[in-house]
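Work through the exercises below with the sequence and the structure at hand. Each task is followed by a solution in steps.

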Amino acid sequence: MSLGGLQTFSRMIRGRRLFAAGLQCCRCRLSCHVKRHYSLLPDDVKSLRALVNPEISRIRNIGIMAHIDAGKTTTTERMLYYAGYTRALGDVDDGDTVTDFMAQERERGITIQSAAVSFDWKSHRINLIDTPGHVDFTLEVERALRVLDGAVAVFDASAGVEAQTLTVWRQAEKHHIPCVCFLNKMDKPAANLSFCIESIRKKLKANPVLLQIPVGSGKNFTGVVDLLTSRKLMWKMKSMRDDGRVFEVKALDRSDDPDLLQVVSDARTALIEQVADLDDEFAELLLTDFSENFDAIPSNKLQEAVRRVTLARKGVPVLCGSSLRNKGVQPLLDAITAYLPAPNERHHDVVRWYKDDLCALAFKVLHDKQRGPLVFLRIYSGTLKPQTALHNINRNSTERMSRLLVPFADQHVEIPSMTAGNIALTVGLKQTVTGDTIVSSKASAAAAAHRAQNDNEAGKRSRECASVILSGVEVPDPVFFCTIEPPSMSKQADLENVLNCLQREDPSLKVRLDPDSGQTILCGMGELHIEIIHDRIRREYGIETHLGPLQVAYRETVLHEASASDTLDRTVGERRHVVTVELAVRPVDITSVGGSCELAFTEELEGQLSAEMKEAVENGVHSSFLQGPLLGYPLQGVSTLIQCVTIEPGTSPAMVSACVSRCMLKALRLAGGQVLEPVMSLEVTVGEDHLSSVLGDLAQRRGTVRDIQSRHDNKVLLATVPLAEMMGYSTVLRTLTSGNATFSLELDTYEAMNPQEQNTLLKRLSGLL
């Protein structure tokens, strides 16, 4: 027998001995306490082939989202273990978790790309996506939340709401996703329940509904009290190896700590009053049936009311635990099934319009060396089966899906079909990209458009036809760029192919060719993002590339309002093209990151232009938005009004676009240019003894301090700093504080550069510096 076989056999024998010993131990204690056993024992791991396929009301599509290092992946790992789908508990520090399967993730101990897993819990099917917490990979959170029905927001109980927590919370709110909050790391000495609740209320502007009270604090954290049932859930760990599968469930009685009983009584009363304020049905039940004793309300009625409050997004349930110490995860799983919505409770219009026909959204693409592109689909209606032809509405193309898989991180299992409400992995869709709508046929899309038209007012046909196409994923603009070169010209074609694959996987990665130098430009969301891409090209594709210096992706805007007109008169062959354009540009608000460019037509022109010519005008304007007149950076905060377009018969749309672009360039030069630089929101957590050093360094980086807050024994420094000044900041901060500080960055806004900085930039880019 091989060495690997002997090791496996040895583990199997050892596991069976532990199983027998554990079973004997459980038999001894069952007579004394009520114990609740979740999932199977370690040696009996469930197969994805036996995954339950319940009715749609028992499906939960959820995401785990949080600030970096709050414990998302550790929580996911415990969920899979308690559900019976893994044999051992993985650890982020050891690099052996299920969802962090990339080499870069295991080396760095962070999540880089979202990973999907499916498992069952108490006759419910949970499709879960573990998302990154680093700001450089915020697109992964965005596209996951686009297709999910609910989310679990994980918090470090000692830190409360942190910088990236705000970002992911805003993303969830944008997609109207109900959330459950999990206060993780309750075993930390600085864990503070009241502080976390208050930070959720103040910073997230949310309404926390506290469902559990922790028992003990710091190292003495042993469990929670469920306020709905007034029962105590205790994890009495015998050793560090105790996996937390079995825990004690016991009703509170007079023998318990009086202080705990009082806290629980007050918290339950506050919970009932809070839910009554948020849910009219529950308030009416209290006043009619339980007016003399609110505390007598049945726990199931209170749970139903909390569910209605959660689905209406009037409040967010809050639970406690410590995933690393294997405490509180099973009640969190119960809360996911109890409070977060099923797919049919989200009321998507496309479900009504497509009925039983297939409608799905492609939200992620991975490249597999053996199987080719793997496309993740969220199925909104109909049933997906392998070896069927599917129509891509966005590409207007038909492709054959060869295989259908259940996603489980990087291990997938083939299945014969997948029903509505689930997340599937497909093989064979070679043209599909993130954001594409997949249907069974053109005919089904046309039928859905007809139903959509009947549902809305007459006279809005174009908008209705577009509505049967699912809205895609919003991709943020890159903030960094650099050149990338292959080791030799013989590898140039291979590098281009690799970059195309990576762009398809990661839409936030942009690749363009510099028209002047002919160099390939790599654009990304941050230093770490580009570093990871560079490392993946080397490891996964075997190409040793060279990166140029990292540069900031500035923007441009205009200073004044200006008008321009232009006429294009050109004869191509026997065909004459004549078009005259008049337009005006003006500056608009640039204070927000989303302050993009605007385009409008006069009312008279709206009715005159055909759809084809209007599209040609829009193409001409949008191409001008991509390259400003000052330094060639994309424009931001510019509004364009098309005042007049005169087109002679026989003029092609391409000539119209060319004339509009030329006219836009004239107007932009007349309006004067201004460079905008990205300004970051910076949060630094540092000890008070190193605070002055950090403040001095920030002053040299043109930073503006907004606030200095206290968090236990540390200071939290909030500031805004130009991105150009933050190159290599992690190394500098580590040196200044001897490694005793953490920081996070988030793009805040774009601000106009002062004249001195702008002149310096112009000289540097012109080669004068």
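**Exercise 1.** Find how many nonpolar, polar and charged residues are in the lining of the second largest cavity.

Solution. This is a predicted model, and the classes are counted on it as follows.
- Step 1: list the lining, which consists of F101, S114, A115, A116, I129, F363, K364, L366, F376 and A409.
- Step 2: sort by class, which gives eight nonpolar residues, one polar and one charged.
- Step 3: look for the elements involved. Strand 3 (115-121) and strand 13 (359-368) each supply at least two lining residues, and strand 13 gives the most, with three.
- Step 4: note the volume of the second largest cavity, about 60 Å³.

**Exercise 2.** Describe the largest cavity by its volume, its lining and the classes of its lining residues.

Solution. 
- Step 1: the structure holds three cavities of 30 Å³ or more, and the largest has a volume of about 160 Å³.
- Step 2: its lining is made of 16 residues, and those nearest the centre are I112, Q113, E140, D506 and R536.
- Step 3: helix 4 (138-147) and helix 15 (527-541) each provide at least two residues of this lining. The largest share, four residues, comes from helix 15.
- Step 4: by class, the lining of the largest cavity has seven charged, six nonpolar and three polar residues.

**Exercise 3.** Which residues of the largest nonpolar core touch the most other members?

Solution. 
- Step 1: the core has 112 residues, and F119 and L384 touch the most other members.
- Step 2: helix 7 (residues 258-278) supplies the largest share of this core, eight residues.
- Step 3: a separate core of 42 residues lies apart from it, and its members include A553, V675, V684 and L717.
- Step 4: list the contacts of F119, leaving out residues up to four places away in sequence. F119 touches L51, M79, L80, A83, Y85, H124, R125, I126, L128 and L333.

Conventions:
Residues numbered from 1 in each chain as written. Predicted model: local features only at pLDDT ≥ 70, side-chain atom pairs only at ≥ 80, totals over all residues. Heavy atoms only, no water. 1 Å grid on protein atoms, 1.4 Å probe; cavity = no way out; pocket = protein on both sides within 12 Å on 5 of 7 lines; lining within 4 Å. Points joined across faces, edges and corners; volume = space filled by probe spheres on them. Nonpolar A, V, L, I, M, F, W, Y, C, P; charged D, E, K, R; others polar. Core = buried A, V, L, I, M, F, W, Y, C linked by side-chain atoms within 4.5 Å. Buried < 20%, exposed > 50% of the residue type's maximum accessible area, 1.4 Å probe, protein only. Contact = heavy atoms within 4.5 Å.
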